[in-house]
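Take a look at the model below. The text after it walks through the chains, one contact at a time.

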Amino acid sequence: MVANNKTVADMIPGETAIIVGFSDEEIAVKLLEMGFLPGTAVRFNFTAPFGDPVCVSVSGYDLSLRKDEACVISILN
Amino acid sequence: MSATTKIKVALAGKPNSGKSSLFNQLTGLNQKVGNFPGVTVDKRTGIAELDEFTNAEILDLPGTYSLYPRSLDEKIVAEVFADRKGVHFPDKVVLVADTTNLKNCFLLLTQLIDLKIPTILALNMVDVAAKSGMSIDIKVLASLFDVPVVFINARKGQGIEKLKKMLLQPLKASDKKIFAIAKEIMPAVEMVKVELGLSSDYEAYQFLQQKDHYQFLSDQQRKFIKELGIQHNVFPGKYQGAETILRYGFIQEVLNKIVIRSANPEWNKRSHQLDKIFTHKIGGYLIFFSVLFLIFQSIFTMAQIPMDFIDSSFANLANYLSKNLPEGPLFEMIAQGIVPGIGGIVIFIPQIAILFAFIAILEETGYMARVVFLMDKIMRQFGLNGKSVVPLMSGWACAIPAILATRTIENWKDRLITIFVIPFMSCSARLPVFAILVALIVPDDYVLGVFNLQGIALMGLYLLGFLAAILSAWVMKIILKSKERSFLIMEMPSYRMPKWSNVGYTIVEKTKAFVFEAGKVILAISIILWVLASYGPSDEMNKAKEVVHAQHPELKVSHDEFNNEVAAYKLEHSYAGIIGKGIEPVIRPLGYDWKIGIALITSFAAREVFVGTIATIYSLGSTEEQSTIKKRLQNEINPETGGPRFTPAVGFSLLIFYTFAMQCASTLAVVKRETKGWKWPIIQLVYMTTLAYVFALITFQILS
């Protein structure tokens, strides 16, 4: 669906990117409601001690996501 | 007094928006927690006096981001707003929005506007937003959404009077239409609207999407909508993504017009710095385990004084009643069945209150979200979820509020596993049993100078219970199959100081839940068990005094010791005694005799009853004084071996049994309600009892 296959799961702490789409419809509706809108910026804050879940900022607030969920969000940066 | 009118007001908004603070501000202590019919979601309602003629019934809805539900709690919100004829449908809605995070709060608002529900927008945490450098144009905001807007500070109680005045004014639904429904399904929307007599297109559209969530629909209506959906190729979730994007588009336009100056991104820096500490890969866990240790310590030390006081008060009351009430079975039941039964419930209140005080503080500060974040990966290995941590912790105080706390877990399988393993966490009712047995068989010595052996044994038992919980969860993870996906998309709120009155309300609420949920079952069963333990085949019971007199001619009739012997004789020949003897062959391999058998049976209502039963059966009267019981048990002789009855083997076998066994009727009742059927409580009872039996058997056989 997106040529560039990079997702939020591939980001490193401190990195910022633009959301371009989702690869899983079921989770996408939930992510959209939480403010993960295509075209908005997402910032990768830090990960939990075992690398999962991760903490990101989007639409002006902080959220935690599991890696499984983060890798659904395609990004451009 | 003049006649008062009553209006129904619902508070809606996303989690952490300050809804509960506002609810507490509006209603004070005039609140109660009930259940929505058919489901087990807490329904918090309260009365707010708007003026001398008008009261508002305030309904605090569970926090939700939109009308599309993810968890059980959120389903209720969708249903309340859809069922216009329902008792909960509000006259007016107050949408509480966190001003520091408006975008997300407005999603639900736009849906309410499309549903044509009269709504007031209450902007909360304006002070925090102002500190961050953000300012907004409230007039433009009100006109863009066509809803009245009020600034409030729910924590400090500012703006509440203004909100009350607004609630008194007539309120019309907003004229805005934000979401345009896709043309291809408009025919279906029209048909639903006509058939069910709905007022707006969006309402009909919601019915098409969410028919399965609406319990209030008749089968016929649901079938009608379902067939229509199939005809027009509408399935749940099909348009949801597009709807959300469209709504956020509108919201962004609004934000562009109302935000005069946006927040300085630096303002949240402190929260991020704290996160570096609290979610550090080593420090984070150290802090978490220190917090756990602190809670643990507090439960046991701080609760001790009030618990001792309650214990002796109820014992004195029961004694007083026994001596002063006229004779007769009814009065005996009051003095020996009902009063101690109520005492057995009240005694746990201090521990439960302390535990929930801590949990409320951790939640208020935002730290709990970090605990979920830290523990999620680990818990998932065992089929649990980061959100299982709080319920499992609560299990140390009492399984009942713990099981109620699992409602925030969205995924059914995760939630079921959490409920299933919670009773393994050593609750406060196990403590009296543990305490007496440990004191009996473990020497009060120190190793390495500092570690008390009894303390180590006690800690070991708690650890054992925890391991049983974790490993059982892991087994269930493998056995249970679920198509539902587990996810953890959770807001990480900024750190802040707890609001103490909210902590207070939580304590009151949880304690009430325990007293009324667990209380009624414990009380009912204690009465049944009292009957079983006080009555038996009548000639045996009537002969009690003569037989004891013949056996112990040296004791004076009416002497305490004589009465204790009579009580023990009666218990032996009561129905409970008969059952105890009946199960003796089954429990003999565990090292137990019929006397312990009786205690196993009577402690089924609640574990701590074990101690009282043991006291009676060894003819100690109604004393629960530990040292007395301990001495008596130490001197008890096993007639078969000639040695002591309570050998370390028997003691450890009992400890293991009580660590694993279900032995709690109220937990079973709550599990039945939460899982909507007898299937899970029965599996749980069989599983835990089997585990307890097998491990107690192994323990006894190895040690003896």
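**A strand pairing across the chains**

Met490(B) in β12(B) is the bridge partner of Ser64(A). In this predicted model, local features need pLDDT of at least 70, side-chain atom pairs count only at pLDDT 80 or more, and totals for chains, interfaces and linings use all residues. Residues are numbered from 1 along each chain as its sequence is written, while chains are lettered from A and ligands numbered from 1 in the order in which they are written.

Start with the strands. β4(A) and strand β12 (residues 490-491) of chain B run antiparallel and are joined by 2 bridges. Helices (H or I, at least four residues) and strands (E, at least two) are DSSP runs, numbered from the N terminus. Two strands pair if DSSP finds at least two bridges between them.

That pairing belongs to a sheet. Its order is β5(A)-β1(A)-β2(A)-β3(A)-β4(A)-β12(B), an open sheet of 6 strands with antiparallel pairing. At the edges stand β5 (73-76) of chain A and β12 of chain B, each of which pairs on one side only. Further in, strand β1 (residues 16-22) of chain A pairs with β2(A) over 3 bridges, in the antiparallel sense. There Ile18(A) stands opposite Ala41(A) in β2(A).

Now widen the view to the contact between the chains. Two residues are in contact if their C-beta atoms, placed from the backbone, lie within 7 Å. Chain A puts in 28 residues and chain B 30 residues. On the side of chain A that touches chain B, α1, β2 (41-47) and β4 (61-65) each supply at least two residues. Which element of chain A gives the most to that side? The answer is α1(A), with 8 residues. By class, the side of chain A that touches chain B holds 16 nonpolar, 5 polar and 7 charged residues. Here Ala, Val, Leu, Ile, Met, Phe, Trp, Tyr, Cys and Pro count as nonpolar, Asp, Glu, Lys and Arg as charged, and the others, Gly among them, as polar.

Follow α1(A) across to chain B. Helix α1 (residues 25-33) of chain A and helix α10 (residues 240-258) of chain B have axes that come within 9 Å and cross at roughly 20 degrees. α1(A) is therefore roughly parallel to α10(B). Axes are lines fitted to C-alpha atoms, for helices over the stretch in contact, and angles run from 0 to 180 degrees between N-to-C directions. Angles under 35 degrees count as roughly parallel, over 145 as roughly antiparallel, 65 to 115 as roughly perpendicular and the rest as oblique. The crossing of α1(A) with α10(B) is left-handed. A crossing is left-handed if the near helix is turned anticlockwise from the far one by less than a right angle, and right-handed if clockwise. From α1(A) come Ala28(A), Val29(A), Leu32(A) and Glu33(A), and from α10(B) come Gln240(B), Gly241(B), Thr244(B) and Ile245(B). The residues of this contact of α1(A) with α10(B) are 4 nonpolar, 3 polar and 1 charged.

Next, chain B itself. Chain B has 32 helices and 12 strands. Its C-alpha atoms fill a box of roughly 95 × 60 × 55 Å, taken along the principal axes. Of its 704 residues, 46% count as buried. A residue is buried if 20 or more other C-beta atoms lie within 10 Å of its own, exposed if 12 or fewer, and partly exposed in between, with C-beta atoms placed from the backbone. Among contacts in chain B between residues at least 6 apart in sequence, 72% join residues at least 24 apart.

Two helix pairs in chain B deserve a look. Helix α15 (residues 349-365) and helix α22 (residues 500-534) of chain B pack at about 140 degrees, with axes 8 Å apart. α15(B) is therefore oblique to α22(B). Their crossing is right-handed. The contact includes Phe356(B) of α15(B) and Phe514(B) of α22(B). It has 10 nonpolar, 3 polar and 2 charged residues.

Helix α27 (residues 594-602) and helix α28 (residues 609-617) of chain B pack at about 145 degrees, their axes 8 Å apart. The crossing of α27(B) and α28(B) is right-handed. Lys595(B), Ile598(B), Ala599(B) and Thr602(B) of α27(B) meet Val609(B), Phe610(B), Thr613(B), Ile614(B) and Ile617(B) of α28(B).

Finish at Leu321(B), which lies in helix α13 (residues 304-324) of chain B. Leu321(B) is partly exposed, because 16 other C-beta atoms lie within 10 Å. Leu321(B) touches Ile334(B), Ala335(B) and Val339(B), not counting residues up to four places away in sequence.
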